[in-house]
Structure formats: structure tokens, C-alpha cells
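This report concerns the arrangement of strands, helices and side chains in one protein model. The sequence and structure are shown first, and the description follows.

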Amino acid sequence: MPRWNPDKKLLEHVHTRFWQPELKDVPEPNLMKEIFPYTDVPYVEFDHKYIPPSPAREIWITDTTFRDGQQARPPYTVEQIVDLYKLMHRLGGPNGVIRQSEFFLYTQKDREAVEKCLALGYRYPEVTGWIRARVEDLQLVKEMGLKETGILTSCSDYHIFLKLKKTRREALEDYLRIVKEALSLGIVPRCHFEDITRADIFGFVVPFAIELMKLREESGIDVKIRLCDTLGLGVPFPEAALPRSVPKLVRVLIEEAGVPGELLEWHGHNDFYKVVINATTAWLYGCAAVNCALLGFGERTGNTPLEAMIFEYISLRGTHNGVDTTVITDIADYYREVLGEKIPPSQPFVGSEFNATRAGIHIDGLLKNEEIYNPFDTKKLLKRPIGIIITDKSGTAGIAYWINTHFHLKGDRRIDKRHPGVAKIYKYIIKQYEAGRITSISNEEMMQLVRKYIPELFVSDLDRMKARAEKLLTRLAEELAEHPEIRSMDSERIVPVLRNFLEDHPYIQFIYVVNSEGRRITPLITHVEDRGRYEHLLRDEDYSDRPWFVEPFKTGRVYVSDFYTSKVTGALCLTVSAPIRNKYEEIVGILGMDIRFKELLKMEDEQEGNGS
């Protein structure tokens, strides 16, 4: 039955009821061993049927940094999630090029992160959830007040038969049940068709999608579908066969299942190095959204790098549409400096050497005209000036340029070519070449030389750990000092709160409160096993001249001491003190606690490892 297509100006075939796909329930799984032999590389079949590109009217990016992206690295803290979410908001701009970001909802930390991101009031990226296909999980979405959630709806026989231990019909009915429940709550369901590139497209995927579109029509609420290339098996060739051809997967959902392109989303993995081209191909053939993660973090080989798709978007649309590409460098710096992530130096757009050249002939070309060997203005688009690799021809000016570029030194902080350390590095390099060296000086070697001759540029590991601990302790001390019982300055009301706090934070050596005259008004609260060790400390003395007392009164802020060694235990410690205020916001006392630094770091690492 032909139907006029006003966009293509042609009559198109539309299936009658005799052609409609139906669920094909099978007694045993179809694992497609002829193309997925397991003992060999998966094969790519071609059916030689070409389909032309047909992109959606509008395309955009969605994000899974805080969901799939957390399954390949230590979990982010709440503060780190908020920081990265803010950066993502800046990167995507006001027009929603980065349209959504999905979050776990299962732990208190997950929910706190969602609350803090929602509190920022950003329109984009919209915060969405992710749940298993369980009705009880929907309650989490409802409680958080989210308008949309992803739902895991695995669709290959590998998952349906071998993992879920169900038939196709049982899986389909279970999925539809959870979708109906979401719709009844007014929540937009986003069905994640897990492992679609190994699924029976006409025997399960299309019939499932048709049922979802029926529910959409009945409810008046959009039902979205995410095409999940779980093992990175998709291929970008339009002439390849289903289920691996990305163009055919997208078109079959649009043309056979009647799913509008704006409700389709592609989610890829990089197992076979095709994650970026597959995402771009999904866009080209009608999928409106591609799902990404910052720096490509994700399970196994990772997800589609968000920063890559920002550049793909601009190259396909010919406009930035509000995108600020320079934020990509800010994001990379955050991962390196705050998260301690080791980004491969050659990783596109974010690696330390991605726009640096080491070949002497290339450097010569760059000096004549940077467009010869630089693909775009990296300084303008990424705040990344062209990098050079040092040789004997670089001179002290080249060495100073390398240092200033790699350490992002500006203004008065810039290293001059006459710096004594630069002269020593130059002398070392010249001697290397006089001894017969012909290769360039690597960035790793330069870092070692700068560390040796200009050590003040480096923050020590201990300093970095202290800064990390200081941020945590400041927040904890501020929150505790605001507790109504603490602010009462009533010893009987304060002590139970301190004991509970100590119980929750075992790295605290002891904790106490002193009044505005510097005299302790509470016992020294310690762990039971330590009571005998510390009972002689802080008895009836006047502590009003101690830095931990004076500084909060002077600045009104939390004070964190330098490291010191405990005279009792020999452990490395810090003292933290916070001002206590009355109802008039006058400082009336000081909350103090001594911290066992090693135990604090250990506890933090364990919490991050457990995802709590």
C-alpha cells in the first residue's frame, strides 16, 4: 500500500496487516553462531542492499558519565559529579546540544548528587534516571521528581535466555508491564535495548518497539528507545546485514516499527574501535541522539567520547549552536588535576600531546605556518597552543615555551628563558646531543628535568592528598558546627552528638568543644580503646593562644593545621577547628578535632571503591 512521502517526493511502500512483524517466540535461543562464533573474531555479513543517509531534523548528545561512565573507574564523589555536571552545562551551551545526563539512583550518594545537580536549575543537561526493569525501582524515580528514566530492557537471546532465563514473550510482557507503570506515573520511559547488535530484529526487537509505540499513542507520553551496542559489534556500513549494520538498525526502527527519529538514541562501546564512527553513522541515518561519556569512560573499552561527538556535531551541522569547545580542555584538566586521571598523551582533543609534534621536519613546518601540521586552530577552539617536542635546536626560549605551555603558566607565573633552571635543562640537552643523541627529548624526560631543576612547579603527592583531605574535613567541620545541639554550647546536649559523629568517622583521634575563653566545656571524646591514651590532654588549660583557636575567631572560617606527628601514637595528624555561632551569628566557641591522616585517606579510598 503506497503512501506519499512529502520530504522525498515519492510514493513509499507501507506494510499492510499481512506484512506486520510479530513476536517470534522460539523454544531455544538464536545465538547467531554463524556470525558470532565466539572462538573467532565476529564476522560481518553483507546483504548488498544500500540505504541512503537520512538524518533527523535535529540531532543532539546525551550523557552517561555518571552511570555507565562510573562502571570503569573509581566512583565520583558528590562534589566531583556536581563539578563535572557544571562543566558539561558550559560545554553544551544554552541550546541543549548536550540534552540530558543520566544518573544512578540506588545509593544515598547517588540521590544526593541528583539533588545538588537539580538545585542548580539548569535546563540542560536535563537530569534523568536509570533503573532496572522492576516496578519497585520506579519509586526511586518518582521520589527524586525526575521526568524521565532509562529502563534496562535486554533484547538479545543471549540476555533473554541465558541471563534472565525467560522466553521472549515473558521478557516482552515484563518489559511492557514496567513501561505501563512508568506511563501511569507520568514518567517518560527510555527503553534500553541492550545487546541489540546480537538480537533477532524481526523476531523480537521490531515487535517490541511496535508495542511501545502503541503505548505511546494510548498514553500521549513519549516512549524513547536507546539502541545499545553493548559489545561494540555494530558496523557503520549501510550494505552490511542486520543485526550489525548501524544504518539498517536505525532505519528498521523508524520504517518498520514506526519510531520517530527524535525518540531514538544510540549507545555504543569501543570493543572494535568503531565507537565514534558508529555514533556518527547513527546520526546520519536518522537517530536524533547519541549517548556519550566524558573522555569515553565506560564499561570495558568505554563509551563514545562526548568531546569527540561535540566535534562531530559541529562538522556535520556547520555551527557551534552555543557549544563552548574550550571547556573540553577545562574538563581534561579537571580529570588530571582533581581526579588524578592519567589521560593517554595522544588521546584526541584531551591528551597532553595530541597537538604536539616531535619530528624535526614537522617542527620546521609549524614554525613557517602552523596550518601545515595543525588540523585546526587548537588555541582558539581548545585553549591549547601548539605543542613542540624539545631538541637541541629548541634553545632556552623553546624550553621556556614548553614549560609555560605544559604547566599553563601565565602572567607573573611564567618561566623566563633566563631562569637558572632553564639554563640547566638546556645544558643537559646539549650534552645529550653532543654525545650522539639523534631523537627528540620526550615529554616524560622534560617533566623529569623540570622536576629536578624547577621543583617549585610541582605539587607533591603529600600536598595533593592534604588538599583533598582539607576539602573533606572543612565540609564536615562546618556541617557539625551548624548542628543545633552544638550551637547550644550546652555540654550535656553536645556530648551525644560528638559521640555519634566519632562513631561515624573512626579516623578522628578525638573531638571536643571549647568556649570563647579557650577552655574546654566537653570531655575529650575519644574511641573507647583510646580513652586511656588521651585523657591527660586538654584538661583545664587556657587554649586561647593556640592557632586552632585563634584562626577561626580571626577569619570566621574552618582552620586546618599543617601536619604534625602525634606524641602519643607517632601517627601523622591534622587538627581541624570550626567556629561555633549563636543565633546572632556571633562566634561563641570552637569545635576541634584531631585527625589520623593515614586512616582518613584509607577510609576515603574504601568508600570510593565501594561506590558509597
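Strand E10 (residues 289–293) has both faces covered: Ala289, Asn291 and Ala293 on one side and Val290 and Cys292 on the other are all buried, where buried means under 20% relative accessible area, exposed over 50% and partly exposed in between, with a 1.4 Å probe and protein chains only. Because 5 of its 5 residues are buried, E10 is largely enclosed by the rest of the structure. Helices (H or I, at least four residues) and strands (E, at least two) are DSSP runs, numbered from the N terminus.

The model is predicted: local features need pLDDT of at least 70 and side-chain atom pairs count only at pLDDT 80 or more, while totals for chains, interfaces and linings use all residues. Residues are numbered from 1 along each chain as its sequence is written, and side-chain values use heavy atoms, with hydrogens and water left out.

**Strand pairing**

Two strands are taken as paired if DSSP finds at least two bridges between them. E10 is joined to E3 in the parallel sense by 4 bridges, and in E10 the bridge partner of Trp60 is Ala289. Strand E9 (residues 264–268) also pairs with E10 in the parallel sense, over 3 bridges; here Glu265 stands opposite Ala289. A charge sits over a ring if NZ of Lys or CZ of Arg is within 6 Å of the ring centre and within 35 degrees of the ring normal.

E8 is mostly covered as well, with 6 of its 6 residues buried. Strand E7 (residues 188–193) and E8 are parallel and share 4 bridges, and Phe193 has Leu227 as its bridge partner in E8.

**Nonpolar cores**

A nonpolar core is a set of buried Ala, Val, Leu, Ile, Met, Phe, Trp, Tyr and Cys residues joined through side-chain atoms within 4.5 Å. The largest has 102 residues, and those with the most contacts inside it are Phe193, Leu212, Ile225, Leu253, Ile310 and Tyr335. Helix H6 (residues 201–219) supplies the largest share of this core, 10 residues. Apart from it lies another core, of 31 residues, among them Val560, Ile580, Ile595 and Leu601.

Leu212 touches Leu176, Val179, Cys191, Phe193, Val223 and Ile225, not counting residues up to four places away in sequence; contact means heavy atoms within 4.5 Å.

**Aromatic pairs**

Rings of Phe, Tyr and Trp (its six-membered ring) pair if their centres lie within 6.5 Å; planes under 30 degrees apart count as stacked, over 60 as edge-to-face and the rest as tilted. A search of the whole structure finds 21 aromatic pairs. Two stacked pairs are tabulated here.

| Pair | Centre to centre | Angle between planes |
|---|---|---|
| Phe46 and Phe237 | 5.8 Å | 25 degrees |
| Phe311 and Phe349 | 4.0 Å | 10 degrees |

Phe46, in the loop between strand E2 (10–13) and strand E3 (60–63), and Phe237, in the loop between strand E8 (224–229) and helix H7 (246–255), are 191 residues apart. Phe46 is partly exposed at 41% relative accessibility, and Phe237 is partly exposed at 33%.

Phe311 lies in helix H9 (residues 306–317) and Phe349 in the loop between helix H10 (327–337) and strand E12 (356–357), so this pair ties together parts that are 38 residues apart in sequence. Both Phe311 and Phe349 are buried, and their C-alpha atoms are separated by 9.5 Å. Leaving aside neighbours within four places in sequence, Phe311 is in contact with Ile328, Phe349, Phe376 and Leu382.

One aromatic cluster is formed by Phe66, Tyr76, Tyr85, Phe103, Tyr122, Phe297 and Tyr335. The charged end of Arg73 sits over the ring of Phe297, 5.8 Å from its centre.

**Helix H15**

In helix H15 (residues 443–453), Asn443, Met446, Leu449 and Val450 are buried. Seen down the axis of H15, the buried residues fall within an arc of 120 degrees, so they line one face of the helix; the arc is that of the directions from the helix axis to the C-beta atoms. Gln448, Arg451 and Lys452 are exposed on the other side of H15. The cover over its buried residues includes helix H13 (395–406) and helix H14 (420–434).
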